[in-house]
Amino acid sequence: AEYFAVANDVLVARHNPESPDVVAVKVGDDPAVLVYEHKGETTQELRRLTGHGEEGFALSWVKGESRLLSGSKDGVVCTWDVHQKSDEPSTVFTGHTEAVEALSY
């Protein structure tokens, strides 16, 4: 196993099964989803996805695609296409009355 450091406490991390060098992370009280690529000795932040108002604990990659789902304490679920240039979610689902703490696709 290989490891790399991030600047804050990791709340949840999920690697992309389609691209094993890519991992999505939610850290500390930051509402953003951070997407990193880790190859050999180098780790690079690829994206900082903004769409949540609060920190969160839920991440899930869509199998066979470059899409990522995220859930947060704000009760929002966002979908992201990490290959798109936008750091905004492609879809936002609202209406949950409580935090979204787990997702699976």
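This is a predicted model: local features need pLDDT of at least 70, side-chain atom pairs count only at pLDDT 80 or more; totals for chains, interfaces and linings use all residues.

Author: Residues are numbered from 1 along each chain as its sequence is written, and side-chain values use heavy atoms, with hydrogens and water left out.

Reader: What makes β1 and β2 a pair?

Author: Strands are DSSP runs of E with at least two residues, numbered from the N terminus. Two of them pair if DSSP finds at least two bridges between them. β1 and β2 are joined by six bridges in the antiparallel sense, so they meet the definition of a pair. Within β2, V23 stands opposite H15.

Reader: Why are β1 and β4 called edge strands?

Author: The open sheet has four strands in the order β1-β2-β3-β4, with antiparallel pairing. β1 (10–16) and β4 (42–49) each pair on one side only.

Reader: Which strands does β6 pair with, and over how many bridges?

Author: β5 and β6 pair over four antiparallel bridges, and S60 has L69 as its bridge partner in β6. Strand β6 (residues 67–71) also pairs with β7, in the antiparallel sense over five bridges; there L69 has T79 as its bridge partner. The β5 and β6 hairpin has five residues between its strands, and G64 in the turn has a positive phi of about 80 degrees. The hairpin of β6 and β7 also has five residues between the strands, and G75 takes a positive phi near 80 degrees.

Reader: What makes β7 mostly covered?

Author: Buried means under 20% relative accessible area, exposed over 50%, and partly exposed in between (1.4 Å probe, protein chains only). Four of the five residues of β7 are buried.

Reader: What is meant by the largest nonpolar core?

Author: A nonpolar core is a set of buried Ala, Val, Leu, Ile, Met, Phe, Trp, Tyr and Cys residues joined through side-chain atoms within 4.5 Å. The largest one has 13 residues, and V33, L49 and L68 have the most contacts inside it. β2 (19–27), β3 (33–39), β5 (58–61) and β7 (77–81) each supply at least two of its residues. A second, separate core of six residues includes V23, V27, A32 and L34.

Reader: Which residues is V33 in contact with?

Author: Contact means heavy atoms within 4.5 Å. Leaving aside neighbours within four places in sequence, the partners of V33 include A24, L49, L59, L68 and W80.
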